[in-house]
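Here is a walk through one protein model, taken a piece at a time. Keep the viewer open and follow along.

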Amino acid sequence: MKKIITIFSIALFFNSCVGTDKFVLRTSLGKVNKVMVVTKASDWTGDLGTAIRNSFGELVVGLPQPEPMLSVSQIGPNAFGSMMNISRNILIIGEGEKEDFYIKKNVYAQPQTVIYVYGTDDASIIKVFNEYKKEIISAYISSDILMTQNIFKAKQLELSEFKTLQEIGVSFTIPKEYKTVDDTGEFLWLRQHLKSGIAKTGSNNILVYAIPLEEELKVSENIIAVRNRIGKKHIPGSDPETMYMITEEAYTPHTSETFLDGKKAFETRGKWEVKNDFMAGPFINYSVVDKARNRIVVFEGFTYAPSVNKRAFIFELEAIAKSMKIQ
């Protein structure tokens, strides 16, 4: 047993070094939207753990099943060694002489985001965490978005073959698994088939189009009307005359202001359904105000994956949307 441990240690050493003077970080491990919290078990079962779980456990808007923004696991400081510190997203909690909060990248592995929260006692730590929790959540999600985009870059589609993207003058980092459903020069529909349960299939879908910018102040008000009009025209059901995609009428979508490619945009999350049919699922829509060309560029991603969680699928669509570049 001692010999095996020695060999493993030597392998780790050579995997971390190049030549005699250059240290190379190991590749991080961990699922997307997953955070490992390093803190004492007594803290994790107390008020501090409750504060972390409640904050990270806020539900993702628009999903049919309740799913948290971030999944969490806990490990004690004594167990946080070389086998565990290669997790991609880490939150380190500790007591110190003063309150402190900071973020570091690629500390033990890469890509990696390590966030440190310190306080003088338990109440102080909770105070610091609550003060910075939005920034903490944003840092982990942004890091996973970038990591996902980098994975897609290694296997991305050649965008010059799509008439619509060329006509609109927009590009994205889209993996090769997506296949063309429709590409008219004004409207693009791409689909990736998914395995979404036992003996079932599902799909992730991308829509790209542009519409005239009429009244900037009413862009957010018109998003649902626009997507319903596009759904009726371009996304048919099994009977195109009576079945087509609409926004689910029983669920009110949530729209928030953001920026994409440096431009004002609106992110809308909600649920879609097929009128007069039983198909449904979540969608994420980005309507980007392109003042230079007096138009709105729209990216929409929607998922059909019956009976399974869909957070990861929508997150991939979000990563693709946020790779948008407008010429």
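What follows goes from the overall layout to the sheets, the cores and a few individual side chains.

## The overall picture

First things first: this is a predicted model. The protein has 7 helices and 19 strands, and its C-alpha trace spans about 70 × 45 × 45 Å along the principal axes.

Of the 327 residues, 46% are buried. Now take the contacts between residues at least 6 apart in sequence: 58% of them join residues at least 24 apart.

Glutamate 95 stands opposite glycine 119 of strand 9.

## Strand 13 and its two partners

Strand 13 (residues 201–212) is mostly covered, with 9 of its 12 residues buried. Strand 13 pairs with strand 12 (residues 187–195) in the antiparallel sense over 9 bridges, and glutamine 192 stands opposite asparagine 204 of strand 13.

Strand 13 also pairs with strand 18 (residues 295–304), again in the antiparallel sense, this time over 10 bridges. Here isoleucine 206 stands opposite glycine 301 of strand 18.

As a rule, nonpolar side chains in soluble globular proteins tend to be buried together. In this model the largest nonpolar core has 29 residues, and those with the most contacts inside it are Val170, Phe172, Ile174, Ile206, Val208, Phe299 and Met324. Which elements give two or more residues to this core? They are helix 5 (163–168), strand 12, strand 13, strand 17 (280–290), strand 18 and helix 7. Helix 7 supplies the largest share, 4 residues.

Leaving aside neighbours within four places in sequence, valine 208 is in contact with Thr164, Leu165, Ile168, Val170, Phe172, Glu186, Phe187, Leu188, Val298 and Phe299.

## Rings and charges

The count of aromatic pairs comes to 12. One of them joins phenylalanine 56 and phenylalanine 129 edge-to-face, at 5.9 Å centre to centre with 65° between the planes. This pair links distant parts of the chain: phenylalanine 56 is in helix 3 (residues 47–56) and phenylalanine 129 in helix 4, 73 residues apart. Phenylalanine 56 is buried at a relative accessible area of 1%, and phenylalanine 129 counts as buried at 0%. Elsewhere on the tour, Trp189, Trp272, Phe302 and Tyr304 form one aromatic cluster.

Two arginines are also worth a look. The charged end of arginine 53 sits over the ring of tryptophan 44, 4.9 Å from its centre. The charged end of arginine 227 sits over the ring of phenylalanine 283, 3.9 Å from its centre.

Glutamate 318 is in helix 7 (residues 311–321). Is this glutamate buried or exposed? Glutamate 318 has 7% relative accessibility, so it counts as buried, the cut-off being under 20%. Apart from neighbours within four places in sequence, glutamate 318 is in contact with Ile145, Glu267, Arg269, Ile284 and Tyr286.

Isoleucine 151 belongs to helix 4. With a relative accessible area of 43%, isoleucine 151 is partly exposed. The C-alpha atoms of isoleucine 151 and lysine 264 are separated by 27 Å, and the two residues are 113 residues apart along the chain.

Notes. Residues numbered from 1 in each chain as written. Predicted model: local features only at pLDDT ≥ 70, side-chain atom pairs only at ≥ 80, totals over all residues. Heavy atoms only, no water. Pairing = 2+ DSSP bridges. Buried < 20%, exposed > 50% of the residue type's maximum accessible area, 1.4 Å probe, protein only. Contact = heavy atoms within 4.5 Å. Core = buried A, V, L, I, M, F, W, Y, C linked by side-chain atoms within 4.5 Å. Phe/Tyr/Trp six-rings, centres within 6.5 Å; stacked < 30°, edge-to-face > 60°. Lys NZ or Arg CZ within 6 Å of the ring centre and 35° of its normal.
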